[in-house]
Amino acid sequence: MQIAFCLLASRHITITHSLVMNCKLILLLAFATLIAPVAGRSQEPQMLRNPVIPGYHPDPSVCRVGDTFYLVNSSFCSFPGVPLFESRDLVHWRQTGNVLTRPSQLPLKGGNSWTGIYAPTIRYHQGRFYMITTNVGNGGNFLVTSTDARTWSEPVWLKQQGIDPSLFFEDDKCYMCSNPGDAIWLCEIDPATGRQLSESRRLWQGDGGRYPEGPHIYKKDGYYYLLISEGGTELAHRLTIARSCNIYGPYESNPANPILTNCSRRGQNMQVQGTGHGDFVQAADGSWWLVFLAYRNFGGAYHHLGRETFLAPVEWEVGEWPVVNGGQPIDTLMSVPALLRPGEVEVASPREEKRMSGVEWVHIQNPIAGNYLYGKDGSLTMKAHGTLTGNNQPSFVGRRQEHAVVEAEAVVRTRGAEAGLTVYQINDGHYDLYISPNPVSGYRVELRCKLKAIDYVVQEATVTSDKVWLKVTSDGLMYRFFYSEDGVNYDALGELNCSLLSSEVAGGFTGVLLGLYASGSGSALFEDFKYLGK
């Protein structure tokens with residue numbers, strides 16, 4: 001039931017004081033019905049552990065179809081792109097695939113951790129999924145569609161520029177909003193062809209924070225609500241909101257803005273910072289939730305795992321402004337009014353994987369397919385191409401580091417290439433532990449630090465075999481590197497600070513990837529890989 005005074009006003013209907021009071025009574029009764037206890041959902045406070053999707057998973061967008069939630073993230077220069085997750089309760093997520101899996105969908109020539117796929121939005125309308133995003137450096141704004149959230153169409157390119165595009169469907173119309181010209185603009189499009197059906201119109205510039213971006217429109221209780229991010233995706237990141245009786249405005253700013261930020265007195269000492277870029281979703285029981293990005297600091301004001309996906313409850317009374325997490329700052333463990341699946345709070349549980357392929361594994365830019373040969377025994381033969389620093393389709397495959405406390409190990413046999421494990425943040429910010437042929441005789445294992453203009457070998461050791469076991473561990477503050485010639489007895493080769501690979505130092509919009517690479521000439525055989533997150 002929607003009784004919206006703004007709609008009546010927009011039709012020039014005079015509302016008497018008596019009618020207003022009667023309508024308010026109706027609204028209160030309707031709201032009381034909405035908040036009545038829902039069968040099967042606990043009304044007792046529950047503990048929520050954040051992030052719900054750890055590691056480099058920024059700019060989340062979410063939609064619900066039936067009792068399943070679908071969520072996507074930015075992927076920048078990673079291929080395949082736009083990881084897709086599914087959940088039944090918004091807390092426990094499983095990656096089911098990636099939206100952009102073909103080079104024709106995702107050209108990444110010259111891409112790096114600053115460019116590529118920005119801030120996707122996922123929506124569902126009349127039996128079809130829509131994902132709209134920006135490919136910075138290779139084409140701009142486009143959308144793809146799917147009927148099953150598994151196989152996605154070729155790109156439909158769009159005229160209106162800016163970044164972080166979003167879609168809003170109403171009746172038979174499809175609207176697109178993005179942020180060209182340092183403000184939020186809206187136009188109507190044909191999503192089947194990409195043709196723009198109306199001129200772009202300026203909606204709102206936010207509440208004074210820099211970089212107004214990440215817009216989403218929702219219709220509730222007769223109002224169009226416009227949610228955006230401001231402040232840049234850094235310490236001062238925040239969410240603000242405005243509303244209007246007309247989709248084209250004018251938009252009224254929420255007097256309580258920002259509705260989400262940890263850049264405040266109450267939030268300044270939290271490990272969690274940079275909260276922003278969010279998307280509302282309503283559960284089947286009527287409750288409202290917000291998924292958004294934030295990052296966790298380690299060892300001071302440094303984050304190296306990237307911007308992660310967080311969750312918070314939303315109070316959104318009829319005709320009122322949404323209130324996120326009761327107006328409190330975001331923490332890694334929060335008491336919330338209720339969860340969709342009460343009692344299950346352990347998200348960052350220990351995780352062990354022993355494989356070198358799967359939906360969570362990515363390349364840097366578009367891979368050269370012939371350089372990767374997977375064996376039936378799970379091994380990987382990788383032909384060397386380029387270098388990680390050179391950033392021209394390097395031979396690399398890796399996965400996001402999702403745990404601060406982690407151990408990764410690989411069994412590597414060189415066939416002429418420099419090959420090993422890399423802790424990769426950006427093309428000019430990575431730590432490499434590798435084996436390569438010794439120019440004189442035998443082989444050598446080296447630990448290299450590459451950070452902007454700094455490029456040096458921290459330590460090296462001579463080994464007799466072309467096969468070694470390489471291991472990297474971390475406690476969230478330091479990376480420690482080891483090698484072994486028998487897989488049992490390990491020698492330390494050095495340690496390097498995690499903060500040097502943080503976004504604050506190394507740069508980029510991503511987070512650490514733990515991966516395998518081969519550079520120079522020749523090839524390498526990776527016989528085994530293990531990831532253990534704690």
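Predicted model: local features only at pLDDT ≥ 70, side-chain atom pairs only at ≥ 80, totals over all residues.
Which residues does Val72 touch, not counting residues up to four places away in sequence?

Residues are numbered from 1 along each chain as its sequence is written, and side-chain values use heavy atoms, with hydrogens and water left out.

Okay, the overall picture. Of its 534 residues, 58% are buried. Buried means under 20% relative accessible area, exposed is over 50%, and partly exposed is in between, with a 1.4 Å probe and protein chains only. The protein exposes about 21,200 Å², and carbon and sulfur atoms supply 51% of that; the areas come from the Shrake-Rupley method with a 1.4 Å probe, and for residues only the protein chains shown count as cover.

Now back to Val72. Its contacts, meaning heavy atoms within 4.5 Å, are Asp59, Pro60, Ser61, Val82, Pro83, Leu84, Val99, Pro120, Thr121 and Ile122, once residues up to four places away are set aside. Val72 sits in strand β3, residues 68-72, and it is buried, with a relative accessible area of 0%. His57 is 15 residues away from Val72 in sequence, and their C-alpha atoms are 8.5 Å apart.

Next, the sheets. In general, strands of a sheet pair through backbone hydrogen bonds, either parallel or antiparallel. Here, two strands count as paired if DSSP finds at least two bridges between them.

Strand β9, residues 140-146, is joined to β10 by two bridges, and Leu143 has Val156 in β10 as its bridge partner.

Another open sheet has four antiparallel strands in the order β15-β16-β17-β18. Why is one side of β15 and of β18 left without a neighbour in the sheet? Because β15 (213-220) and β18 (252-253) stand at the edges, each with a single partner strand. Two bridges link β17, residues 238-244, to β18, and Arg243 stands opposite Glu252 in β18.

Let's finish around strand β12, residues 173-178, where five of the six residues are buried. On one hand, β12 pairs with β11 (166-170) in the antiparallel sense over five bridges, with Phe169 opposite Cys174. That hairpin has two residues between its strands, and Asp171 in the turn has a positive phi of about 55 degrees. On the other hand, five bridges join β12 to antiparallel β13, residues 184-189, and Ser178 has Trp185 as its bridge partner there. This hairpin has five residues between the strands, and Gly181 takes a positive phi near 70 degrees.

For Cys177, the nearest cysteine sulfur is that of Cys187, 9.0 Å away. Cys177 is buried at a relative accessible area of 3%, whereas Cys245 is partly exposed at 28%.

Key. Disulfide = S-S within 2.5 Å.
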